[in-house]
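Have the sequence and structure open as you read.

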Amino acid sequence: MKVPFSWLTEYIEGEIELKRTSDALTMAGLEVGAIEEVDGDAVLDLEITPNRADCLSIIGIAREIKAIFGLKIKKPSFKIKKELKDNKFTISIANPELCYRYAGRIVRDVKISPSPQWLKKRLEASGIRSINNVVDITNYVLLEYGHPLHAFDLDRIEGYQIRVGTPEAFGKSMEEIVTLDGVKRKINHDDLLIWDGAKPVAVAGIMGGANTEVTDKTTNILIESAYFKPERIRKTSKRLGISTEASYRFERGTDIETLKEALDRAAFLIQELTGGTVYEAIDVYPVKIPEKKILFSMEKICKFIGVTLKDKEVLRILELLEINVTKKDEKFYIASIPTHRHDLAIEEDIAEEVARIYGYDTIPAQMPSAFKYVTENHELTKKRKFLNLIRDYLISLGYSEAVNFSFMSPDDLNVFGISENDIRRHYISLVNPLRQEESIMRTMLLPSLLKNTEKNTARGIENLRLFEIGKVFIAQEGASLPQEIVHLGIITKKEEIKSSFKDDPYDFYALKGLIEGVFRHFKINNIRYIRSNEAFLHPGQSADILIKGEKIGFIGVISPEVLSKLDFKTKPFICMAEIDLNRLFSFAEAEIKYKPFSTYPAVKRDTALILPIDFESQRIFDIIKSFDNELIENVFIFDIYQGKGIPEGKKSIAFRITYRASDRTLTAEEVENIHNNLIGKIIAETGAALRI
């Protein structure tokens, strides 16, 4: 906004100096971007932030200077001579929820002519082109008060009335209007318009219509001054692609109480410069904006600023800002916010006002207080260390970390075949999503990781290892906020090509071994793997992960059915896992017991059993564990075989059991006796046959 300095000084009682004023405004938040000279007058080019609509005027800037320097403001003094009454002209508002107030004045017998030189000079210095005396006066008052006005040719208004409303309010779906710039514009059913008795004559708050334009032939005018809902003006302005001085201010919110004063000021100037006859104002005011009050405490104000101020000093600053304050009790005050300050809403806003008028440069620089909450909260510290250790472990094994948005699409759950009664269907929908693909808060990590894999594959990446540590959000019945759970998602992908290496590191067992490495690092025991029922995993190559009987996640190969729904040109081999780290952390915190290593030699026995092809290997571990012999040190399966020598529908499972005593060397007879009893128990409970 360009402000002629000589014009500004007329509204301040006392002397103000250009450079000092410029610096003070900048420090108070109204940055002076440049100072240029126009016709011998200094013009300040101010950068007004969008929330400070009250400063989009000469009087608004003068108010700031008054508060900064503790001066007084001089508003223009005027008095309309001999107002007449017109009982026939009417103004009505069909949409009071969009137009809170509409006032107008008729001025007859005006003489349209070029504006006097002083008026032209001020407008042009402010960046506005001079048109004629009537239009120039409305623009002058706009700059002076910050409230837009519009002048209609009264004789071109049909029905001797003004109506404010949308086409829909008057039973019409769409309208067309030629605006002052000569462009025919299509108006939607919910755009706010100004109408006469038959047609629209202006797009409310944005631009007048050419059909009621003030021209050299105009003799009678109607001056409009109104308050329109900012959101509606912005919506229409953006859709039509029009930005005017009026719309710029209406979008940000004007002062509904200054509306009438601005109207009277314009009528006075028109009377003075054109010799017209002014009629009484017609003021329709259906919606009153309630007075805004903010409760605040001096203690919090000072804490926010970082300086201890006396109550008297804070109250003085607020008084300079025209904020009336009353005392509620010993601790709290109530601030009554003036109607021109739309930006003030909470206690922190009051603190900010005090700080900027007190002077940011006068607040002593000091190091911020160090918060000890993180170090003192041992639980939080341990969790962070826990997550960082997992992250470092995966990165050390060649995995890359992905960071995705916390959103997903409901269609992702359909693609993954998540059932309707699954907890992952308890999602939170976004009120205003950017797109349908990100319309709900995610309840699992794998859909995003799978999309990462698709994109990387499309860019020629054949083999991929990704992981993500992030939150999922599960809606809770009766609660306003969802449950936030930290998950670990892992995905590996390879193309179906022959490898030159015997051991391919991208299979199911490699991923299982990686996860077990995490468990070993945190000394987590009692881990079981059982066949998974997850619909999106391959039924023969997947497992749920249980710790002490509680499911904490799953691991598996993506099912061919899901893979066929994805955008892969080839058929890659994809393994993935997702683990609840909140639950895993609780198990990692369990008490760890240590015992000394045995110095006596171990005895190992290998056994192979023939079992049904769908037999789960985990059952062998469960039976051995139930045998509960303290000499059994370790068990692992080293071979699963189908083919020659094995009956159809059967498979061979070979496993090794390690026996060791802590106090003696075991004899062959002792080990053989225990081993035979154990194998007998396994055969009896599973119906297996010993492979010889």
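Axes are lines fitted to C-alpha atoms, for helices over the stretch in contact, and angles run from 0 to 180 degrees between N-to-C directions. Helices (H or I, at least four residues) and strands (E, at least two) are DSSP runs, numbered from the N terminus. This is a predicted model: local features need pLDDT of at least 70, side-chain atom pairs count only at pLDDT 80 or more, and totals for chains, interfaces and linings use all residues. Residues are numbered from 1 along each chain as its sequence is written, and side-chain values use heavy atoms, without hydrogens or water.

**α5 and α8.** The two helices pack at an angle of about 145°. Their axes lie 9 Å apart. Contact means heavy atoms within 4.5 Å.

| Helix | Residues in the α5–α8 contact |
|---|---|
| α5 | Asn133, Val134, Ile137, Tyr140, Val141, Glu144, Tyr145 |
| α8 | Glu261, Ala262, Arg265, Ala266, Leu269, Ile270, Leu273, Thr274 |

**α4.** Helix α4 spans residues 117–125. Its buried residues (under 20% relative accessible area, 1.4 Å probe, protein chains only) are Leu119, Arg122, Leu123 and Ala125. Seen down the axis of α4, they fall within an arc of 165° (directions from the axis to the C-beta atoms), so they line one face of the helix. They pack against β1, α1, β3, β4, α5 and α8. Gly127 follows α4, with a positive phi near 90°.

**Ile350.** This residue sits in helix α11 (residues 347–358). Ile350 is buried, with a relative accessible area of 0%. Beyond four places in sequence, Ile350 contacts Ile294, Phe296, Ile301, Leu318, Ala335 and Ile337. Ile350 and Ile294 are 56 residues apart in sequence, yet 8.2 Å apart in space, C-alpha to C-alpha.

How values were computed
Buried < 20%, exposed > 50% of the residue type's maximum accessible area, 1.4 Å probe, protein only.
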